[in-house]
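I set out to record what can be looked up in this structure, entry by entry. The notes begin with the whole chain and then move to its parts.

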Amino acid sequence: MSEPATEHSEENVEYRVAHLRDRLAAEELGELGGRAEVRAGAVVVTGTVPSAQCRETVLRTVREELAGLAVHTDVVVADNATPDHAEELP
């Protein structure tokens, strides 16, 4: 007896998301602070990256790995600005 098409499709999505996580961690990015998970039939990618260039690389990788899937991204660039005043410690 064969599996229903929806189960196979869900497994395929999970496999593709796992492959995306591996690529983000292993390639030049070494990006481990992000998350990619399947929610309500779509893939949600979230996280904070150190630069706009890194964000663009993450988004490009997401597009390559998850082409054809519904994807929502919320990847933001960390505020690395130098403080304009000294921090007051109690």
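I note at the outset that the model is predicted.

**Entry: the chain as a whole.** I looked up burial and found that 28% of the 90 residues count as buried. I then turned to contacts between residues at least 6 apart in sequence; 61% of these join residues at least 24 apart. For secondary structure I recorded 2 helices and 3 strands, and along the sequence they follow the pattern α-β-β-α-β.

**Entry: the sheet.** In what order do the strands lie? I read E1-E2-E3, an open sheet of 3 strands with mixed pairing. E1 and E3 are the edge strands, each pairing on one side only. On average, neighbouring strands of this sheet are turned by 15° against each other, direction ignored.

**Entry: E1 and E2.** I examined strand E1, residues 35–39, and found it joined to E2 by 5 bridges in an antiparallel arrangement. Arg39 has Ala42 in E2 as its bridge partner. The two strands form a hairpin with 2 residues between them, and in the turn I noted a positive phi of about 50° at Ala40.

**Entry: E2 and E3.** I checked the cover of E2, residues 42–49: 6 of its 8 residues are buried, and the strand is mostly covered. With strand E3, residues 71–77, E2 pairs in the parallel sense over 7 bridges. Between E2 and E3 the chain passes through helix H2, residues 52–65, and I recorded this β-α-β crossover as right-handed. For positions along the pairing, I located Gly47 opposite Val75 in E3 and Val49 opposite Val77 in E3.

**Entry: helix H2.** I looked up how H2 is placed and found that this helix lies across E2 and E3, running at about 165° to E3. I then selected Glu56, which is found in H2. How far apart are the C-alpha atoms of Glu56 and Val75? I noted a separation of 9.4 Å, for residues 19 apart along the chain.

**Entry: exposure of Glu56.** Why does Glu56 count as partly exposed? Its relative accessibility is 44%, and the partly exposed class lies between under 20% for buried and over 50% for exposed.

Technical notes
Residues numbered from 1 in each chain as written. Predicted model: local features only at pLDDT ≥ 70, side-chain atom pairs only at ≥ 80, totals over all residues. Heavy atoms only, no water. Buried < 20%, exposed > 50% of the residue type's maximum accessible area, 1.4 Å probe, protein only. Helix = DSSP H or I, 4+ residues; strand = E, 2+ residues; numbered from the N terminus. Pairing = 2+ DSSP bridges. Right-handed = clockwise from strand over helix to strand, strands pointing away. Contact = heavy atoms within 4.5 Å. Axes fitted to C-alpha atoms, helices over the stretch in contact; angles between N-to-C directions.
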